[in-house]
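Let's walk through this model together, starting with how we sort residues by their accessibility and then moving on to strands and charges.

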Amino acid sequence: MIDFRKNLIIIIFLLIGAVITLLSLNLDSSWRKQQAGIFDSYSIPVNLPKKISKGAVNFFELNGSGKVVFYEESDSIVYETDLDGKNKKELARIPGVLKIVFSPLGHELVATVSAEKNTLKKYYFDLKKNIKVELPKDAKNLIFSPDGREIAYYFYDDKAGEGSISMADPNGSDSRTIFKTRIKNPTLIWPQNDLIVFYLKKEGDQSLAFSIRPDGKEFQRLTEEELILYASREIKETSTLKELGIETTIVKLSPLKDHLIFLNTRDGKLYSLGL
């Protein structure tokens with residue numbers, strides 16, 4: 001009888017130990033998932049995504065020196081960090097931002113901000129030289145050239161019933177019109193230094209698309225296939241995120257292709273994933 005009780009006690013202790021071990025493993029797995037905060041499955045990568053921003057981010061860019069620059073809405077500050085989120089520092093505070101367009105090098109930007117009396121203003125910022133210049137508020141759909149040396153934008157003259165595509169230095173100086181058009185509010189992209197593309201989405205997902213050289217020459221209409229080729233910025237490495245069940249809005253690949261920087265759809269924050 002005594003042996004039976006001893007054996008029963010031993011079995012009970014073994015069962016309790018097994019239960020504690022299973023609970024510990026489950027809690028560890030749950031903690032890892034919570035740290036990532038973005039997984040739909042139980043598949044956990046070797047490198048977990050690292051959260052770069054504290055709050056929501058809508059605008060970010062990778063500069064040419066292995067850094068990430070981004071605007072954090074909660075405190076209205078433009079930050080710069082390493083690709084892994086370390087060495088975070090403030091670059092500028094810009095309240096009331098509605099939109100930011102970063103230069104490809106990351107140290108210049110154009111911000112559309114909400115001003116007094118419900119008006120909108122556009123400003124050019126050089127974050128390295130601490131320069132701020134007001135730009136024409138009617139300069140719409142502004143983009144930087146791939147080398148960051150110039151900007152292009154769309155302007156529509158209501159009186160003339162005509163629009164134009166213009167170019168300028170990033171601070172707005174040396175502005176010149178390169179093409180006039182009756183298309184209203186086209187989207188502009190600058191896929192390569194010697195080519196600007198502008199297009200208008202029509203019904204049925206069809207587009208009216210054209211290309212032109214920065215000097216205003218060689219204007220031509222583009223096919224839907226050509227537009228897709230110029231506009232597509234698909235990154236094959238994003239398949240890694242999809243396999244992990246990560247939903248994103250914007251994804252960018254670092255120049256050395258060793259990090260994916262992305263906005264998480266679930267919380268709107270900026271993350272980094274080492275490859």
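A residue counts as buried here when its relative accessible area is under 20%, as exposed when that value is over 50%, and as partly exposed in between. Keep in mind that this is a predicted model. With that cut-off, E72 is buried, because its relative accessible area is 1%.

So where does E72 sit? It belongs to strand β3, which covers residues 67-72 and is joined to β4 (residues 77-82) by 6 bridges, the two running antiparallel. Within that pairing, F70 faces Y79 of β4.

Now for the charges. Side chains of opposite charge can pair when their charged atoms come close. The structure holds 8 salt bridges. One of them involves E72 again: K88 pairs with E72, with the closest N and O atoms 3.6 Å apart. This links distant parts of the chain, since K88 lies in the loop between β4 and β5 while E72 is in β3, 16 residues apart.

K89 comes out as partly exposed at 44%, while E80, at 13%, is buried.

Elsewhere, R176 forms a salt bridge with D174, the closest N and O atoms being 3.5 Å apart. Here R176 is partly exposed at 28%, and D174 is exposed, because its relative accessible area is 51%. Both belong to a network of salt bridges that also takes in E150.

Finally, have a look at strand β15 (residues 195-201), which is mostly covered: 5 of its 7 residues are buried. A hairpin through 2 residues connects β14 to β15, and β14 (residues 187-192) pairs with β15 in the antiparallel sense over 4 bridges. In that pairing, V197 of β15 is the bridge partner of I189. Strand β15 is also joined to β16 (residues 207-212) by 6 bridges, again antiparallel, and there L200 stands opposite L208.

How values were computed: Residues numbered from 1 in each chain as written. Predicted model: local features only at pLDDT ≥ 70, side-chain atom pairs only at ≥ 80, totals over all residues. Heavy atoms only, no water. Pairing = 2+ DSSP bridges. Buried < 20%, exposed > 50% of the residue type's maximum accessible area, 1.4 Å probe, protein only. Salt bridge = Lys/Arg side-chain N within 4 Å of Asp/Glu carboxyl O.
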